[in-house]
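I opened the model today and kept notes as I went. The entries follow in the order I looked things up.

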Amino acid sequence: MQAFLRLAAQRGVDSTPTRLVAREAGVSELTLFRLFGDKATLIRESLRHAAPTEQLSQYETSVDATTPESAASGLLRCLTYLRDQLRQRQTLLRFAISEIRQHPELRDDLRQAPMEAGALVERALREAVPRLRPGIDTRAALYGLEGLLLLTVLWTSEGFVELSEAEWDALLEGAVRNLIA
């Protein structure tokens with residue numbers, strides 16, 4: 001499954017034959033078909049295996065809004081967690097972005113993890129509401145934070161932007177601070 005995602009992210013689904021996946025994985029093509037039956041099942045199982053959907057849905061946001069500092073710390077913890085999840089799955093992210101147009105049949109499979117990530121940020125923002133600046137549009141904040149995460153992970157992985165861990169943390173902290181009263 002990892003071999004398939006790695007190759008498909010580089011070459012595209014249609015240009016990734018099962019023969020090549022088997023070779024990359026160090027198994028025979030027959031073994032691949034015994035395990036998955038067909039290429040469509042290999043694709044779907046690879047996505048399910050690689051996507052952190054369950055981890056994201058079970059993540060406890062636990063944003064303590066008793067003080068501005070604790071609310072900011074809780075939001076930052078959630079964003080850092082999501083950033084790290086995305087960084088660990090850069091191949092999956094590239095695959096999803098490149099293949100969603102060519103393969104609309106994969107849309108539901110590709111949407112699950114981003115939807116859970118959005119729900120996680122939304123839960124964290126809801127818990128932080130008592131400490132958000134007055135008049136903050138939480139939906140705009142949600143999309144802004146998700147966009148910041150997505151772009152920084154993509155751009156750093158592609159070498160468009162260089163961010164040290166400390167710079168990245170400071171960037172996320174600044175985005176959170178802008179939301180807290």
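**Entry 1: Phe33**

Leaving aside neighbours within four places in sequence, which residues is Phe33 in contact with? I set contact as heavy atoms within 4.5 Å. With that, I listed Thr18, Asp38 and Lys39 for Phe33. Phe33 has its place in helix α3. I took helices as DSSP runs of H or I with at least four residues, and strands as runs of E with at least two, numbered from the N terminus.

Next I looked up accessibility. Buried means under 20% relative accessible area, exposed means over 50%, and partly exposed lies in between (1.4 Å probe, protein chains only). Phe33 has a relative accessible area of 33%, so I noted Phe33 as partly exposed. I also checked the distance to Asp64: 31 residues apart in sequence, and 50 Å from C-alpha to C-alpha.

**Entry 2: ground rules and confidence**

This is a predicted model, in which local features need pLDDT of at least 70, side-chain atom pairs count only at pLDDT 80 or more, and totals for chains, interfaces and linings use all residues. Residues are numbered from 1 along each chain as its sequence is written, and side-chain values use heavy atoms, with hydrogens and water left out.

I then read the confidence. pLDDT is the predictor's confidence in each residue, from 0 to 100. The chain averages 92, and 100% of the residues score at least 70. Confidence is lowest in helix α7 (residues 90-99), with a mean of 84. It is highest in helix α10 (residues 165-177), at 96.

**Entry 3: the whole chain**

I counted secondary structure next. The chain has ten helices and zero strands. The C-alpha trace spans about 60 × 30 × 25 Å along its principal axes. Of the 181 residues, 40% are buried. I also looked at contacts between residues at least 6 apart in sequence: 69% of them join residues at least 24 apart.

**Entry 4: α1 against α2**

How do α1 and α2 pack, and at what angle? I used axes fitted to C-alpha atoms, for helices over the stretch in contact, with angles from 0 to 180 degrees between N-to-C directions. The two axes are 9 Å apart, at an angle of about 125°. Angles under 35 degrees count as roughly parallel, over 145 as roughly antiparallel, 65 to 115 as roughly perpendicular, and the rest as oblique. α1 and α2 are therefore oblique to each other.

The crossing is right-handed. On the α1 side, Ala3, Phe4, Arg6, Leu7 and Arg11 make the contact. On the α2 side, the residues are Leu20, Val21, Glu24 and Ala25.

I stayed on α2. Its buried residues are Thr18, Leu20, Val21 and Ala22. These pack against α1, α3 (29-36) and α4 (39-50). Just after α2, I found Gly26 with a positive phi of about 75°.

**Entry 5: Thr16**

Is Thr16 buried or exposed? Thr16 counts as buried because its relative accessibility is 0%. Thr16 lies in the loop between α1 (2-11) and α2 (18-25). A polar atom of its side chain lies 2.5 Å from the backbone oxygen of Gly12. Beyond four places in sequence, Thr16 contacts Phe4, Leu7, Ala8, Arg11, Val21 and Lys39.

Ala51 is in the loop between α4 and α5. Ala51 counts as buried because its relative accessibility is 14%. Not counting residues up to four places away, Ala51 touches Arg89, Leu92 and Ala113. Ala51 and Glu116 are 65 residues apart in sequence, and 10 Å apart from C-alpha to C-alpha.

Then I moved to Ser62, in the loop between α5 (53-58) and α6. Its phi is near 45°, a positive value in a residue other than glycine. Most residues other than glycine have a negative phi. Ser62 has a relative accessible area of 46%, so I logged Ser62 as partly exposed.

**Entry 6: α6 against α9**

Last, I looked at helix α6 (residues 68-88) and helix α9 (residues 138-157). Their axes come within 10 Å and cross at roughly 35°. α6 passes α9 in a right-handed crossing. In α6, I listed Leu79, Leu82, Arg83, Leu86 and Arg87. They meet Leu145, Leu149, Leu150 and Val153 in α9.

Technical notes
Polar contact = N/O pair within 3.5 Å; in protein donor to acceptor, adjacent residues only side chain to side chain. Left-handed = near helix turned anticlockwise from the far one by under 90°.
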